[in-house]
Amino acid sequence: MLYEITDGTVSLGGHTVLSHLNFGIRGTEKIGIVGHNGAGKTTLLRLIAGELEPDRDDRRQGPAVRTSRSLSIGMLGQQAFCDFGITVEEEMQKAVTAENAFERERFDYEREYDTLFTGFGFSREDKKKMIGEFSGGEQTRIALIRLLLQRPDILLLDEPTNHLDNRAAEWLEKYLRQYKKAVVMVSHDRFFLDQVAEEIWELEGKRAVRYPGNYSWYRQEKARRAAWARKAWEHQRQEAERLEKVIERFKHKPTKASFARAKKKQLERMERVPLPQEGQARLFTGKIDPLVMGSRMVLEAEHVKIGYGKPLFELSFRIRRGQKIGLLGENGVGKSTFLKTVAGMLPALEGKLALGRHVTVGYFDQHSAQIQSEKSVLEHFRDCFPALTEKEARSILGAYLFRGREAGRRVSDLSGGEKGRLVLAELLQSRPNFLILDEPTNHMDIPAKETLESAFCAYTGTILFVSHDRYFIRQVAESVLIFEEGQALYYPFGYEHYLERRQGNKGASPTAQVRAEDEALIASMRAVPRAERHRVREIPTEEAYEDWHLGPVRQRMEEAAECYGRKQRLAAEALKRWKESREFWGLTEEAVKKEETGAWGLPDPEKEYGCLEEEAKEAWEVWHGCCLQWMEAWEEISGSLLERKNS
């Protein structure tokens, strides 16, 4: 173990932030720290950095913090510039002096410095600028560069992507994955944690719980553990009720009084399983259908020029019913302008832009969330939907995290993110068939984002949206429309596939190979004149056709294979625990009594293994079915391509 905290307790201002916490860093692990605001994430980083000392504790045996050797630890929060009147070059050269005898070391340092500086979006000319000339966000990036150049044994990062655009964040993700030492990071950027973290530690109840895997795996595993804990709690509750009935039945009978007393003692000695807390996020399991389905073609744009006075770009584009499209591009490129034009709030400069028949639009931007009202959330919501009873309105608001007292708060007292959530709840409840959303999750915490992600995934209508939250884009968008170099470029296979293809092209944008009026949109294969700049150049026909038809099937097959492998590993671990348990080799007297009374507090190892083995078999069936679907799709595509080639 490189670094270990055992029974660590930290108090600040007389308030205990962390209590009897156990935490460890092994080798070159990349660790993500998560938890609600105030859970102690930054406190844990400061403890690791040595800024805080653990409290004295008579219960603890030995020191609270142990390390395998002398370690260098660097934290971004510690990197403050003392002199703003020197250049970036002078600041960075402090680590390697001119008298350094190791010329090779100096060369490597200069090369790494140059790589980091340009990777974070600075130009080489910026090295000559004074530190005081940069903005606060830019100074934070420069401090991060200085920290990375020091290459500490344990690198501590608190919200490292706060001042980075998407390209710089992607670059940092790749750099940290290749970093040859340990990294511990606190971040609300879930996509960043997915790309970098190898394990997640969640701070909850002043303690830390370890989850091997990235953020998405942590969410799945936490839900699975919560389901097991709820089953255990429900089982114990039923057993307690059974014992109470037995005691009540026999306590007044002289011949059974001793039996009733024994059962009462058994009930009193039962170690209570705590009721697992519900997750803060609310996940929608059913469908959210529009009131009216609308026409099959939602939007048709032909030679449309978008902009204010001067065209930003020209495009021809079609959106079919049920598509969920995310817009990507640098700030100022015209994403919000495009949304306003589609919503009818801004006229197109030229061209034809038409919505389909019976298409109803629901539009949301940051101005939509600037609502002011002295009414409570419940009253405001019922005014919007007077046909709802109070019980129905409370149930709907609860689904969007306005539970209990939250529904009684004044609308004017809500934060910006809470107001946005309320407006989106109203929008989804009105159920239009075409949602146009501009940064719908701005200023929201993770539970609110996950709730809305779930709602938008359950929504069966059409969505066109802009977001800077890459995890949100990945969860909701089934395809992406990228604005760059004065063109609108369509990519039909989702955000993650887009990133993989771009990285596979060594950073070149794959959008230059995909045309906007794709087969995915018009369900046919037709050529587009290459001279028309508003249309995106296409990838080879065979590749586009194969990618489009095989992509979703291949993705489902890969996800099913991953799920099967994961469940198989869990079943193997459960089998090992069962074989190492007392129950496997012979029940003890205490276990026999529990078996006779059915008073097991938690699912026993054999039952746990049986359930996991059954889940693994079901996962195999799903994977096998996906493989067969892929084979059928491949045979169909092979035949179609052969026919096209012969014709």
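Which residues does Leu-176 touch, not counting residues up to four places away in sequence? In this predicted model, Leu-176 touches Lys-30, Leu-148, Leu-155, Leu-157, Val-183, Phe-192 and Val-196, where contact means heavy atoms within 4.5 Å. The model is a prediction in which local features need pLDDT of at least 70 and side-chain atom pairs count only at pLDDT 80 or more, while totals for chains, interfaces and linings use all residues. Residues are numbered from 1 along each chain as its sequence is written, and side-chain values use heavy atoms, with hydrogens and water left out.

The protein contains 20 helices and 18 strands. Helices (H or I, at least four residues) and strands (E, at least two) are DSSP runs, numbered from the N terminus. Of the 647 residues in the protein, 48% are buried; buried denotes under 20% relative accessible area, exposed over 50%, and partly exposed in between, with a 1.4 Å probe and protein chains only. Among the contacts in the protein with a separation of 6 or more, 69% are made by residues 24 or more positions apart.

The largest nonpolar core has 92 residues, and Leu-176, Tyr-400 and Phe-456 touch the most other members. Helix α4 (residues 136-150) gives the most to this core, with seven residues. Apart from this core lies another one, of 28 residues, including Tyr-3, Leu-45, Met-75 and Ile-154. A nonpolar core is here a set of buried Ala, Val, Leu, Ile, Met, Phe, Trp, Tyr and Cys residues joined through side-chain atoms within 4.5 Å.

Ile-142 is found in helix α4 and counts as buried because its relative accessibility is 0%. Residues up to four places away in sequence aside, Ile-142 touches Phe-81, Val-88, Met-92, Phe-122 and Phe-134. Met-92 is 50 residues from Ile-142 along the chain, and the C-alpha atoms of the two are separated by 9.2 Å. Gln-555, in helix α17 (residues 541-579), has a relative accessible area of 43% and is therefore partly exposed.

Two packed helices are described by the angle between their axes and the distance between the axes. Axes are lines fitted to C-alpha atoms, for helices over the stretch in contact, and angles run from 0 to 180 degrees between N-to-C directions. The axes of helix α12 (residues 416-430) and helix α13 (residues 446-458) come within 12 Å and cross at roughly 15°. The two helices, α12 and α13, are therefore roughly parallel, a label given to angles under 35 degrees, with over 145 counted as roughly antiparallel, 65 to 115 as roughly perpendicular and the rest as oblique. The crossing of α12 with α13 is left-handed; a crossing has this hand if the near helix is turned anticlockwise from the far one by less than a right angle, and is right-handed if clockwise. Arg-421, Leu-424 and Leu-428 of α12 meet Ala-448, Leu-452, Ala-455 and Phe-456 of α13. The residues of this contact comprise six nonpolar, no polar and one charged. In this division, Ala, Val, Leu, Ile, Met, Phe, Trp, Tyr, Cys and Pro count as nonpolar, Asp, Glu, Lys and Arg as charged, and the others, Gly among them, as polar.

Helix α12 also packs with helix α10 (residues 377-384), the axes coming within 11 Å and crossing at roughly 25°. This angle is why α10 is classed as roughly parallel to α12. The crossing of α10 with α12 is right-handed. From α10, Val-377, His-380, Phe-381 and Cys-384 meet Leu-422, Ala-425, Glu-426 and Gln-429 of α12. Five nonpolar, two polar and one charged residue make up the contact of α10 with α12.

Positive phi values were examined next. Most residues other than glycine have a negative phi, and most peptide bonds are trans. His-20, although not a glycine, has a positive phi of about 50°. His-20 lies in strand β2 (residues 15-25) and counts as buried because its relative accessibility is 14%. Glu-159, also not a glycine, has a positive phi of about 50° and lies in the loop between β6 (154-158) and α5 (166-178). With a relative accessible area of 16%, Glu-159 is buried. A glycine, Gly-344, follows α9 and has a positive phi, near 85°. In helix α9 (residues 335-343), the buried residues are Lys-335, Thr-337, Phe-338, Leu-339, Thr-341 and Val-342.
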